[in-house]
Amino acid sequence: MMMRVILTVLGYVFCVVGLALSGSDSVPFEDFDVRELEMENEKKGLLASVENEAAVVSPSSPKPLMVPLTLIQGADSKAAASMRLLLKAKARTALSSFHLILVPFNMLISSLTALLSGCSAGGLASILHCDEFRGLFKATTKVKCLSDAGLFLDAVDVSGGRTLRNLFGGVVNIQDVQKCLPHTCISHLDPTSCFFPQNLLANVKTPLFLLNAAYDAWQLQASLAPRSADPQGHWTECKLNHAFCNSSQIQFLQADFRNQMLNAVRDFSRSRQNGLFINSCFAHCQSERQDTWFANDSPLIANKGIAESVGDWYFDRRNVKAIDCAYPCDKTCHNLVFK
């Protein structure tokens, strides 16, 4: 049976851990404007676009199957889990009617094409498990991975500390995550460093697409300027609405964050099999929202939208390495504003 499979790792969970660490004042992933895919209400985002793409390529081809995986939520009592075991135990899909049904594991591995995608923490999961996911399928299966808003940086915060490194260190230690990290990384870096995508990209052999906002809204709030690093609240208005950022704050975001992101993907972008779309927006999870993924006014880089760019890369139509000019040049952004 021919099949296209899209596995989506929901954005509020990690591949092997949750991010609910007691005592942390950082914004947990599940508290950051997170909602599960509303499958029963509407087709949107990735699945709708790929269904349309499949129809264009071959009107008689079967509709792609989306298999949402809620791997682990909550880190306090759950241990690491294998993607293979999870797929065997709980493979679910949504057909065009969006009614959840069980899908036998052997149907998944017989697919002709497969895409592992995830947003936010799920984007990190897509990077961590991309090669493992590739190994679940036959060599003849076309397998690729998409990480949306998963490029978490080991960045210095506004106080000179490393808030996200401290948070990731707790996750790695509590869950003993080093057992799941690439040996090629932990052989020369500590496990916490190897939990950051910037140190993992060189180890991923499967074609991978990175979709990220250069001024990631979650990282601005939880990593760069959390309350612990900004007790006086100098960054409060800037975090809620980029229009209130002063020139020195914008300079910090340009030099200390955006430039670090671009440096992190420099070698990754040299491989033709990989794809890249980094726009200069204050956003997070752009593949999960129809208005940013595929709409008449969706964000553009060089007149190409996100869905079209991902489609060009996935179907090998062209080499996609889209990097936006620095803020505030992009007028197509759907910037997030918080109250």
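**Nonpolar cores**

The largest nonpolar core has 53 residues, and those with the most contacts inside it are Phe133, Phe195, Leu201, Leu208, Leu210 and Leu253. Helix α10 supplies the largest share of this core, seven residues. Apart from it lies another core, of 14 residues, including Phe209 and Val310. A nonpolar core here is a set of buried Ala, Val, Leu, Ile, Met, Phe, Trp, Tyr and Cys residues joined through side-chain atoms within 4.5 Å; buried means under 20% relative accessible area (1.4 Å probe, protein chains only).

**Basis of the description**

This is a predicted model, in which local features need pLDDT of at least 70 and side-chain atom pairs count only at pLDDT 80 or more, while totals for chains, interfaces and linings use all residues. Residues are numbered from 1 along each chain as its sequence is written, and side-chain values use heavy atoms, with hydrogens and water left out.

**Helix α8**

Helix α8 (residues 217–224) is largely enclosed by the rest of the structure, because eight of its eight residues are buried. Helices (H or I, at least four residues) and strands (E, at least two) are DSSP runs, numbered from the N terminus. The cover over the buried residues of α8 includes α6 (163–175), β7, α9 (236–240) and α10 (247–264). At the start of α8, a side-chain oxygen of Asp216 comes to within 3.1 Å of the backbone nitrogen of Trp218.

**Asn212 in strand β7**

Strand β7 (residues 208–213) contains Asn212, which is buried, with a relative accessible area of 2%. Beyond residues up to four places away in sequence, Asn212 touches (heavy atoms within 4.5 Å) several residues, among them Gly150, Gln219 and Met261.

Note on methods. Buried < 20%, exposed > 50% of the residue type's maximum accessible area, 1.4 Å probe, protein only. Polar contact = N/O pair within 3.5 Å; in protein donor to acceptor, adjacent residues only side chain to side chain.
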